[in-house]
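Visitor: I would like to learn how to read the sheets, helices and ligand site of a model such as this one. Could you take me through them step by step?

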Amino acid sequence: MEPTLEGTVEVHSYLGPADDRTLADDVLDGLTRPLKELAPKHLYDARGSELFDAICELPEYYQTRTERLILRTRAQDVVARTGAVELVELGSGSADKTRVLLDAMDDAQTLRRYVPVDVSETTVHAAAETLVARYPGMSVHGVVGDFERHLGHLPAALGPRLFVFLGGTIGNFPPGSRRRFLRGLRKVMGAGDHLLLGTDLVKDPRIIEAAYDDSAGVTAQFNLNVLHVLNRELGANFDVDGFEHVAFYDRKRQWIEMRLRATDQQHVRVEALGLDVEFAPREELRTEISAKFTPERLRNDLAAAGLELVELYSDPDELFAVSLSRLG
Ligand SMILES: C[S@@+](CC[C@H](N)C(=O)[O-])C[C@H]1O[C@@H](n2cnc3c(N)ncnc32)[C@H](O)[C@@H]1O
């Protein structure tokens, strides 16, 4: 008889001392480049994850509510088309919108397992506990890890899987890395699996810039929090009050950038790296890009990774898109 997994929760962490070095290596690379830069994944410690959840509730941050609306309208269709018994979510965070999909799978009586993957350990544990209580027939296999490096640790499939990557997080990769990431994902997908991908769409830059520079200053706190991460994890001595949040839309590249600008000359010591870094007055440190998509850009990226677009769902104002694709 097949072993039953119902109601079980297991969480495996693939982040360890070697990954502290990843932060250290990233910072060493990033702070010694001509344009100083940090990878956006370092924004998400426990505090950063809380602040991101607060951003999702802001009036200016249209992405979350629009993506949820699309999912509410289309979840049944997605479940019917994919026949998925398992939902594997990359960058799962609080997995709030995910419930719309899990509800639809539960209604269709196909739901067997949820596999959240996130670098933030606290959010994986919290989502696992909350969701297993909500869906008694489902098991959870959490993966605390980096979706660029740890997809080989996903559990063996129980049947057709729906891979889900929401929140427009795919936009955080620069264009080449985005395709490399999709290619890596395609390699772990099987013939019966699908990918449901949330992408923010190209639109009036004023709408985009407001979403990344809200009037309540929550995004500024989220951005500045990365300096606290470096102070805590690497013994750096950033004067956080000496930096300000900047967000601007690059029309040519069709992405928004978040940066931290030194208000005046700053000398920073990163003790764990033995590194001294100078910031000139008004010098900027890039902390995130978030690419915006046209249907063509999306189709080309998917095709370059060997994925075929099955359906492109959007909202009436065409602010956001959720695409369903499978192996091409
Ligand atoms: C923009 S948030 C989106 C959260 C959620 N999926 C949503 O749609 O609201 C990005 C999430 O991806 C996670 N994340 C960022 N980089 C990651 C990486 N390299 N590997 C795994 N998780 C990552 C963050 O911790 C965070 O929870």
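Visitor: Across which strands does helix H4 lie?

Guide: Helices (H or I, at least four residues) and strands (E, at least two) are DSSP runs, numbered from the N terminus, while contact means heavy atoms within 4.5 Å. Helix H4 (residues 98-107) lies across strand S3 (86-90), strand S4 (113-118), S6 and S7, and runs at about 170 degrees to S3; angles run from 0 to 180 degrees between N-to-C directions, with axes fitted as lines to C-alpha atoms, for helices over the stretch in contact. Helix H3 (residues 62-82) lies across strand S6 (161-165), strand S7 (194-200), S13 and S14, at about 30 degrees to S14. Please keep in mind that this is a predicted model, in which local features need pLDDT of at least 70 and side-chain atom pairs count only at pLDDT 80 or more, whereas totals for chains, interfaces and linings use all residues. Residues are numbered from 1 along each chain as its sequence is written, and side-chain values use heavy atoms, with hydrogens and water left out.

Visitor: What is the order of the eight strands in the open sheet?

Guide: Strands of a sheet pair through backbone hydrogen bonds, either parallel or antiparallel, and here two strands count as paired if DSSP finds at least two bridges between them. The order is S1-S5-S4-S3-S6-S7-S14-S13, with mixed pairing. Strand S1 (9-13) and strand S13 (307-314) each have a single partner strand, so one side of each is left without a neighbour in the sheet. From one strand to the next, the twist averages 20 degrees. S13 pairs with strand S14 (residues 320-327) in the antiparallel sense over seven bridges, and Leu312 has Ser323 in S14 as its bridge partner.

Visitor: Which strands stand at the edges of the sheet of four?

Guide: That open sheet has the order S2-S12-S9-S8, again with mixed pairing, and its edge strands are strand S2 (36-37) and strand S8 (243-250), each pairing on one side only. S8 and strand S9 (residues 255-262) run antiparallel and are joined by eight bridges.

Visitor: How many residues surround the ligand, and which are the closest?

Guide: A residue is counted as near if one of its heavy atoms lies within 4 Å of the molecule. The ligand is surrounded by 15 residues, of which Gly91, Lys97, Asp118, Asp146 and Phe147 are the closest. For polar contacts with the ligand, look for a pair of N or O atoms within 3.5 Å: a polar backbone atom of Phe147 is 2.8 Å from a nitrogen atom of the ligand, and a polar backbone atom of Gly167 is 3.3 Å from an oxygen atom of the ligand.

Terms used:
Polar contact = N/O pair within 3.5 Å; in protein donor to acceptor, adjacent residues only side chain to side chain.
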